[in-house]
Amino acid sequence: METFISNDPKVIPGTWVGRNTFLSNNFIESYSPIDNSLLGTVSVTTLEQYNTVIEEAYKAFIEWRKVPAPKRGAFIRAFADKVREKKEELAKLITLEMGKSIQEALGEVQEIIDICDFAVGLSRQLYGLTIQSERPNHKMLETWHPLGIVGIISAFNFPMAVWSWNSTIAWVCGNVTVWKPSEKVPLCAIELQKIVSQVLEEFNYPQAISNVINGDYRVGEYLSHDHRVALISATGSTRMGKEVAKAVSARLGKYLLELGGNNAIIVTPSADLKLLIPAAVFGAVGTAGQRCTSTRRLIIHSSVYEKVISALINAYNQLRIGNPIDEKNHLGPLIDKNAVESYLQAIDKAIYYGGKIIQPGGILEGEEYTSGLYVKPCIIEVTPDNPVVQVETFAPILYVMKYETLEEAIEIHNNVPQGLSSSIMTLNMREAEYFLSSEGSDCGIANVNIGTSGAEIGGAFGGEKETGGGRESGSDAWKNYMRRQTSTINYGTDLPLAQGIKFTID
């Protein structure tokens, strides 16, 4: 991306108040996991700069909330048009900075476009209610109003899409946004901010409707502890989410959490392998296993276990690992050396507690893998009580295990701390319906005959338990970004009180 290539990479400002930028004396470096090349050096937001961002954002909110929602939708539509024009350029940046395959990166940019389309439609559908009053000549209304400043803390694995899920819905609801991206992928955030700023300028709207702050966890703490920030939407690890929840709860603020997943597919005797194998393989190795919806566990009926394992091994042996810019490669590198170390430790732990290697893992070596971040997708046979399956490891490791009855399979499935995505592969209607019932999957997403990974923006995205309970994207998730107000109008000449209470004054 020539946008970020410079003789002095330290010229890249990390603090963006709309189009205005600020440099500081501290920097973070963005290296490509493909080959460890330095893509750019970005300044870290100072506390003083942060306060400037918040002050300007609030001023922008005062003006933005006055703009009718359909006009806010028109702005979002124009932003989507710019993203369409730069789709390939943005996807290449995602691949260079994050390491996912170019095809997946193109899909991520498409998510931005899709959620913009959803937000444009939503701009004419922010419905409230009318409620029947118990009092004569009274009318009750339920209306929705913007919150103010929405803080967005995003993770490295979807360096653009997750921001768009939050920002476009927040904007159409009348809010302004302050985005703290992962320090591992700051350039993706800056490039999107440039596009937003250009559209804001064209519409003559306040630039501080959209803002970016860069840095490590301390910059995230500025947002979490700030009473001026009405909502924090945080995506990342469960550990991080708990810290955010603690800080925001202490000030009685609002938070929306999208945290870890430990997703499983239950494979029944009637499962169609033509559906199962591509779903399971993509779920396990897509984005090199670094999706919150990645398939971590396969819970397979004993009667088809050997058949499924044989088909999986055959599929894994066809996987191509290499430079993710090459469309022929199925997966690229992990994000950094810490991710590689977690991958190796998880394999060792699984084996220590009795796991059996089905498909060997390991670090790849050679000219194409000089960064040391390319690893082999691994399959390990475990028992359900192996402690490694309780933990989400962001890497291409698939744990396989057996079951005898569907009730047993669902018990195994639900017996983990996380509750994001889930799937059952079956041609039996009763099994499918049981899985989707209150006695079945305890996850926020439950699928039949498709995998765990990937979701359409039309549905609310999120999970239960240690996944945080938040919902983003479609359905009525927009309500998270607004405050509810109940109003009663008396259009009569008397003042009756609720519940029939009598109160008189001489």
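## Salt bridges

E243 forms a salt bridge with K246, with 3.7 Å between the closest N and O atoms; a salt bridge here is a side-chain nitrogen of Lys or Arg within 4 Å of a carboxyl oxygen of Asp or Glu. This is a predicted model, in which local features need pLDDT of at least 70, side-chain atom pairs count only at pLDDT 80 or more, and totals for chains, interfaces and linings use all residues. Residues are numbered from 1 along each chain as its sequence is written, and side-chain values use heavy atoms, with hydrogens and water left out.

E243 and K246 both sit in helix α8 (residues 238-250), 3 residues apart, about one turn of the helix. Helices (H or I, at least four residues) and strands (E, at least two) are DSSP runs, numbered from the N terminus. E243 is partly exposed at 42% relative accessibility, and K246 is exposed at 55%. The terms are set by relative accessible area: buried is under 20%, exposed is over 50%, and partly exposed is in between (1.4 Å probe, protein chains only).

## Other charged pairs

The rule gives a count of 18 salt bridges. One of them joins K82 and E202 at 3.3 Å, N to O. K82 belongs to helix α2 (residues 69-85) and E202 to helix α6 (residues 186-203), so the pair ties together parts that are 120 residues apart in sequence. K82 is buried, with a relative accessible area of 18%.

K66 forms a salt bridge with E63, where the closest N and O atoms are 3.7 Å apart. K66 is exposed at 57% relative accessibility, whereas E63 is partly exposed at 41%.

## Buried loop residues

N214 is in the loop between β9 (210-212) and α7 (217-225). N214 counts as buried because its relative accessibility is 0%. The N214 side chain reaches the backbone oxygen of G14 at 3.0 Å.

G463 is in the loop between β20 (460-461) and β21 (464-465), and is also buried, at 0% relative accessibility. The C-alpha atoms of G463 and G261 are separated by 8.1 Å, although these residues are 202 apart along the chain.

## Nonpolar surface patch

L495, L497, I501, F503 and I505 make a nonpolar surface patch of about 590 Å². Such a patch consists of residues with over 30% relative accessible area and no salt bridge, with nonpolar side chains (Val, Leu, Ile, Met, Phe, Trp, Tyr) joined within 5 Å. Accessible areas come from the Shrake-Rupley method with a 1.4 Å probe. F503 lies in the segment after β23 (482-490) and is exposed, with a relative accessible area of 64%.

Note on methods
Polar contact = N/O pair within 3.5 Å; in protein donor to acceptor, adjacent residues only side chain to side chain. Patch = residues over 30% accessible without salt bridge, like charges linked within 9 Å, V, L, I, M, F, W, Y side chains within 5 Å.
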